[in-house]
Amino acid sequence: MELVEGRLTVDDTDALVERLGEIGDEHGCAVQAFDARYVAGRDHLKRAVELADRAIERGENVARNRGVEILLYAAGRRQINQAFEMGVSEGEQAVVVLIDGDDEAGATEAATEQLDITEPTAAVEHADEELLRDFFDVTDAERDATDADIGALVCERVALLEVEK
């Protein structure tokens, strides 16, 4: 799994989604873009990929597209329209583009160049804990009951999606 992080200006979300699909098809990869504010670290997305792949292998996937299935797990939601809240929207924003598959190096280069991602950052290392707590519904009681960091709690939410099916 490769991650491309940086800033991206999105003029047309549908066109971006189409381009991500084309890059993925060209390189045999799932390519999915996330609003970086909702990514709780590399482990968060790695766990989402693992669980999405397991669901696909078992024939339990909700989405027909692997990238969308990864998005569902990353967002911790079974409804595609709710999971899209974690995706990119129109305007300038910090993004994380996940690339996972056969030719990750080629897809990473294509995504970086063709999507015009600027200002490479380590956005997933500087997440806003309050925003993540709100998005993933992590309560004060839950935080008080553990010394786990927000990344671990979000990974738990991703894993719980399997139980909620």
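1. Basis of the note. The model is a predicted one, in which local features need pLDDT of at least 70 and side-chain atom pairs count only at pLDDT 80 or more, while totals for chains, interfaces and linings use all residues. Residues are numbered from 1 along each chain as its sequence is written, and side-chain values use heavy atoms, with hydrogens and water left out.

2. Overall architecture. The secondary structure comes to 8 helices and 3 strands, where helices (H or I, at least four residues) and strands (E, at least two) are DSSP runs numbered from the N terminus. Read along the sequence, these elements follow the pattern β-α-β-α-α-α-β-α-α-α-α. The radius of gyration is 15 Å, close to the 15 Å that the globule rule gives for 165 residues, so the protein is as compact as a globular protein of that length; the radius is taken over C-alpha atoms, and the rule is 2.2 Å times the number of residues to the power 0.38. Along its principal axes the C-alpha trace spans about 45 × 35 × 25 Å.

3. Of the 165 residues, 48% count as buried, with buried meaning under 20% relative accessible area, exposed over 50%, and partly exposed in between (1.4 Å probe, protein chains only). Among the contacts with a separation of 6 or more, 73% come from residues 24 or more positions apart, a contact being heavy atoms within 4.5 Å. The protein carries 16 positive and 41 negative charges, whose mean positions are 6 Å apart; Lys and Arg count as positive and Asp and Glu as negative, with His and the chain ends not counted, and the place of a charge is taken as NZ of Lys, CZ of Arg, CG of Asp or CD of Glu.

4. Strand pairing. Strand β3 (residues 91-101) pairs with strand β1 (residues 2-10) in the antiparallel sense over 9 bridges, and strand β2 (residues 29-35) is joined to β3, again antiparallel, by 7 bridges; two strands pair if DSSP finds at least two bridges between them. Val 95 in β3 stands opposite Gly 6 and also opposite Asp 35, while Val 96 in β3 is the bridge partner of Phe 34.

5. Helix α5. In helix α5 (residues 104-114), the residues Glu 104, Gly 106, Ala 107, Thr 108, Ala 110 and Ala 111 are buried, and the buried residues of this helix pack against β1, α1 (13-27), β2 and β3. Ala 110, for its part, counts as buried because its relative accessibility is 6%. Leaving aside neighbours within four places in sequence, Ala 110 is in contact with Ile 23, His 27 and Leu 115; the C-alpha atoms of Ala 110 and His 27, which are 83 residues apart along the chain, are separated by 9.2 Å.

6. Leu 72. This residue lies in helix α3 (residues 66-75) and counts as buried, since its relative accessibility is 0%. Not counting residues up to four places away in sequence, Leu 72 touches Val 62, Ala 63, Arg 77, Arg 78, Gln 79, Ile 80, Ala 83 and Leu 161. The C-alpha atoms of Leu 72 and Asn 61, 11 residues apart along the chain, are separated by 9.7 Å.

7. Two residues with positive phi. Asp 116 has a positive phi of about 55 degrees although it is not a glycine, and is found in the loop between α5 and α6 (129-135); at 54% relative accessibility, Asp 116 counts as exposed. Asp 137 likewise has a positive phi of about 55 degrees without being a glycine. The loop that holds Asp 137 runs between α6 and α7 (140-144), and at 56% relative accessibility Asp 137 counts as exposed.
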